[in-house]
Amino acid sequence: MRWTGLASTAVFLLSIAPSGLSPAAPTALDLRAGLLVTIAEVSHERATMWVRGDSREPVIARYRPDGDAADTVAAIRLDPAADLTGRAVMTGLAPATRYVYEAEHGPDRIAGAFRTAPAPGADAPARILWSGDLGGANHCRDIEDGYTIFEAMAKRRADLFLFLGDTIYADQTCGVRQHAPGANFIATTLDQYHAKHRYNRGDTAVQRFARTTPIFAMWDDHEVRNNFVGPFDPLMPVGRQAFLDYWPIAGPPDEPTRLYRRVRWGRHAELFMLDTRQYRTPNATPDGPMKSMLGDVQRTWLLDGLRASDATWKFIVSSVPFGMFTGGTYSDSWSGANALGFQRFRNGFVHERDTILATIRDSGIRNVVVLSGDVHHAELIRHAPAPDFAFHEFVAGPLAARQGFKRFLDRSLNSRSLGALGWAKNFGEVVVDGDRLVVRIVDNAGATRASVRLPAADRTVVRAVPSDPGDTR
Ligand SMILES: [Fe+2]
């Protein structure tokens with residue numbers, strides 16, 4: 001459905017107003033969740049098995065290539081300070097190989113399987129899901145069915161899932177709609193942040209999915225609170241700790257809390273997962289060279305990585321979109337556009353965004369795609385900010401949260417919508433190989449609601465001439 005005119009704008013503004021938050025309700029932190037398992041951070045040679053138990057008794061994990069007789073056995077220690085979570089990093093794995101495993105903890109025994117990535121040079125297609133926004137107000141776990149969209153996601157039998165922010169809604173209650181107990185409060189303590197993650201991870205459909213599809217998670221704002229600015233929010237360290245306890249992301253030794261990272265999936269896919277929260281300048285700062293969403297180190301890492309990548313398709317994975325209004329007096333996303341798509345004076349993170357785009361254009365980096373979320377509707381977009389430069393942005397979500405609808409695109413990027421889905425829970429699927437990319441937006445029932453196909457030979461970036469970074473719009 002296409003929404004135009006002032007009437008739709010009014011509806012939109014209502015829909016982005018803060019939801020009514022009731023005072024923090026008593027928490028149910030002691031609910032027995034049983035043994036929880038998540039397969040995460042899988043590469044062509046390693047994988048991480050994350051677990052959460054109900055006691056300090058270690059989880060015994062056994063894994064092997066499917067068809068092999070000999071198990072590798074690991075005893076996973078559960079850390080009480082980390083809400084009895086633990087992880088085992090499985091190393092020395094074979095690429096493109098199915099592994100089976102069992103995990104045992106007290107009376108609980110869980111069996112699962114996953115597949116490792118193809119080797120970086122292997123000519124294999126990649127099937128990637130992405131979405132975000134799970135368990136917002138009035139969308140906590142359905143009392144009977146839970147988070148059913150994960151059943152539709154499991155049916156895609158994807159290689160991996162990018163959980164692109166708002167993996168919990170720490171700063172929202174569950175609202176009035178009937179829901180499974182355990183998350184109807186606003187988190188301010190580590191225990192409460194843990195409980196929000198435990199609640200979402202403990203959902204039956206989420207568990208079935210997480211035991212078999214490798215997940216790469218990135219946070220957005222609701223892992224701490226709405227539109228938080230990492231360096232300046234007193235709740236950031238506790239929200240980040242809970243996120244790291246529940247998502248086994250291993251930063252480098254000199255920065256163990258680093259979340260941005262690169263994911264390689266065969267010859268055709270490389271993903272640059274951005275942390276848009278931890279290093280950002282306050283949203284109200286006037287835009288210009290001193291304002292950054294990524295911080296200098298991460299931006300350099302991204303640009304160097306894009307230039308060096310030999311993958312057919314290069315994905316910039318950003319929790320917030322490049323090309324549309326996301327609400328608020330001061331934009332929380334890259335775009336500085338208002339609700340009608342017109343640029344607001346020195347708003348957003350436009351200077352940094354356009355510096356990134358200018359580098360892509362000037363370096364002649366081909367087949368760059370932005371995957372994003374945050375706006376609670378799905379959209380497939382072609383941005384053409386200069387006559388000789390175009391790139392695509394695909395937006396998905398929510399999994400289970402307030403549902404939004406199509407909005408005006410940022411006019412400064414000369415954008416064209418190729419398909420959209422509003423008022424619906426959804427996830428995106430992108431399948432790439434050496435010749436093409438196919439992207440689909442899929443709804444809660446598993447139906448494809450929008451799709452686009454792009455040939456890899458279509459040079460989405462054609463220019464290799466230096467130019468002024470400010471000249472990209
Ligand atoms: Fe969200």
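**Figure 1. Arg353 and Asp410 meet in a salt bridge between their side chains, at 2.9 Å from N to O.** Arg353 belongs to helix α7, whereas Asp410 sits in the loop between β16 (389–395) and β17 (415–421), so this pair ties together parts that are 57 residues apart in sequence. Both Arg353 and Asp410 are buried. The model shown in this and every other view is predicted. Side chains of opposite charge can pair when their charged atoms come close. Under the rule used for such pairs, the count comes to 32 salt bridges.

**Figure 2. A salt bridge joins Arg299 and Glu352, with their closest N and O atoms 2.7 Å apart.** Arg299 lies in helix α6 (residues 296–308) and Glu352 in helix α7 (residues 350–362), so the contact ties together parts that are 53 residues apart in sequence. Are the two partners buried or exposed? A residue is called buried when its relative accessible area is under 20%. Arg299 has a relative accessible area of 18%, so Arg299 is buried. Glu352 has a relative accessible area of 2%, and therefore Glu352 is buried too.

**Figure 3. The side chains of Arg198 and Asp83 form a salt bridge of 2.8 Å, taken from N to O.** This pair links distant parts of the chain: Arg198 is in helix α3, and Asp83 is in the loop between β4 (72–76) and β5 (85–90), 115 residues apart. Both residues, Arg198 and Asp83, are buried. Which residues belong to the network of salt bridges that share partners? Arg52, Asp54, Asp83 and Arg198 are joined into one network in this way.

**Figure 4. An iron ion is coordinated by Asp133 (OD), Asp166 (OD), Tyr169 (OH) and His376 (NE2).** The distances from the iron ion to these donors run from 2.0 to 2.4 Å. Along the chain, the donors follow the spacing D-x32-D-x2-Y-x206-H. Tyr169 and His376 link distant parts of the chain, being 207 residues apart. Tyr169 is in the loop between β9 (160–164) and α3 (190–201), and His376 is in the loop between β14 (368–372) and β15 (378–386). Why is the arrangement around the iron ion irregular? The 4 donor atoms subtend angles of 89 to 168°, which makes the arrangement irregular. For four donors to count as tetrahedral, all angles would have to lie between 85 and 135 degrees.

Figure 5. Tyr169 has a relative accessibility of 3%, so Tyr169 counts as buried. His376, at 5% relative accessibility, also counts as buried. Leu134 is found in the loop between β8 (126–131) and α2 (149–155). With a relative accessible area of 1%, Leu134 is buried. How many residues apart in sequence are Leu134 and Tyr169? Leu134 and Tyr169 are 35 residues apart in sequence, and their C-alpha atoms are 7.1 Å apart in space.

**Figure 6. The largest cavity has a volume of about 80 Å³.** Rolling a probe the size of a water molecule over the atoms shows where empty space is left. The structure holds 3 cavities of 30 Å³ or more. The residues that line the largest cavity include Leu134, Phe150, Phe161, Phe163, His197 and Trp247. Also among them are Thr167, Ile168, Asn200, Arg201, Val206 and Ile215. At least two lining residues come from each of β9 and α3. The largest share of the lining, 3 residues, is supplied by α3. By type, the lining of the largest cavity divides into 8 nonpolar, 3 polar and 1 charged.

**Figure 7. The second largest pocket has a volume of about 590 Å³.** This pocket is lined by 23 residues. Which of the lining residues lie nearest the centre of the second largest pocket? Glu41, Ser43, Arg46, Ala250 and Arg262 lie nearest its centre. The elements giving two or more residues to the lining are β5 and β11 (261–265). With 4 residues, β11 gives the most. The residues of this lining divide into 11 nonpolar, 4 polar and 8 charged.

Terms used: Residues numbered from 1 in each chain as written. Predicted model: local features only at pLDDT ≥ 70, side-chain atom pairs only at ≥ 80, totals over all residues. Heavy atoms only, no water. Donors = N, O, S within 2.8 Å, 3.2 Å for Na, K, Ca; no water. Tetrahedral: all angles 85-135°; square planar, octahedral: opposite > 155°, others 65-115°. Buried < 20%, exposed > 50% of the residue type's maximum accessible area, 1.4 Å probe, protein only. Salt bridge = Lys/Arg side-chain N within 4 Å of Asp/Glu carboxyl O. 1 Å grid on protein atoms, 1.4 Å probe; cavity = no way out; pocket = protein on both sides within 12 Å on 5 of 7 lines; lining within 4 Å. Points joined across faces, edges and corners; volume = space filled by probe spheres on them. Nonpolar A, V, L, I, M, F, W, Y, C, P; charged D, E, K, R; others polar.
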